[in-house]
Amino acid sequence: MVARSLLTYQHTIVASANYIKKHGKPESIVDLTGHQCLTAEHQSAWSFKNSLVPITGWISLNDNFSLLQQALDGRGIARLPDYFVEKHLRNKKLVSLLNHEEKLAHQIYVIHPPKIQQSARLKACLLYTSPSPRDRTRS
């Protein structure tokens with residue numbers, strides 16, 4: 001099998017301005033224990049570069065789209081991939097929190113069989129996700 005990195009990302013801690021207005025802004029990761037944290041299922045802590053912080057909240061979901069919607073609706077603080085929330089940060093629907101905390105980097109990989117076993121669909125997918133425009137022109 002061959003593994004190729006597609007994307008490097010970090011989780012961003014976000015909340016709506018309405019949530020912050022009602023409940024205050026956490027200034028440190030320890031402050032998260034006093035907030036409604038919107039979590040993924042079976043998640044009891046959020047990891048940062050140098051620590052693991054226990055979190056609690058009123059809801060636990062298994063879908064990032066639902067977590068995002070809850071955060072946009074002012075129902076808590078969410079920890080979501082940066083690529084998932086960047087548009088909402090730009091248009092000021094969400095506020096990034098705890099930016100001074102170092103976050104862990106994560107990778108997304110595509111794992112596929114070597115070239116000798118590639119189907120036409122797999123070849124098309126690999127060309128489409130290629131980081132180099134030059135690679136996309138190869139057949």
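1. Is serine 16 buried or exposed? In this predicted model, serine 16 counts as buried because its relative accessibility is 4%, and the cut-off for buried is under 20%. The residue sits in the loop that links strand 1 to helix 1.

2. Serine 16 has contacts beyond its sequence neighbours. Leaving aside residues within four places in sequence, serine 16 is in contact with Ala71, Leu72, Gly74, Lys93 and Leu94. A polar atom of the serine 16 side chain also lies 3.1 Å from the backbone nitrogen of tyrosine 19.

3. Helix 3 spans residues 82-90, and Phe84, Val85 and His88 are buried in it. Viewed down the helix axis, the buried residues of helix 3 fall within an arc of 60°, so they line one face of the helix. Their cover includes strand 1 (2-15), helix 2 (64-72) and strand 6 (77-81). After helix 3 comes lysine 92, with a positive phi near 65°.

4. The largest nonpolar core has 14 residues, of which Leu32, Trp46, Phe48, Ile77 and Leu97 touch the most other members. At least two residues of this core come from each of strand 1, helix 1 (17-23) and strand 3 (45-48). Another core, of 11 residues, lies apart from it and has Val14, Ala78, Val85 and Leu94 among its members.

5. Not counting residues up to four places away in sequence, phenylalanine 48 touches Ile13, Ile29, Leu32, Val53, Glu101, Glu102 and Leu104.

Terms used:
Residues are numbered from 1 along each chain as its sequence is written. This is a predicted model: local features need pLDDT of at least 70, side-chain atom pairs count only at pLDDT 80 or more; totals for chains, interfaces and linings use all residues. Side-chain values use heavy atoms; hydrogens and water are left out. Buried means under 20% relative accessible area, exposed over 50%, partly exposed in between (1.4 Å probe, protein chains only). Helices (H or I, at least four residues) and strands (E, at least two) are DSSP runs, numbered from the N terminus. The arc is that of the directions from the helix axis to the C-beta atoms. Contact means heavy atoms within 4.5 Å. A nonpolar core is a set of buried Ala, Val, Leu, Ile, Met, Phe, Trp, Tyr and Cys residues joined through side-chain atoms within 4.5 Å. A polar contact is a pair of N or O atoms within 3.5 Å; within protein, one must be able to donate a hydrogen and the other to accept it, and residues adjacent in sequence count only if both atoms are side-chain atoms.
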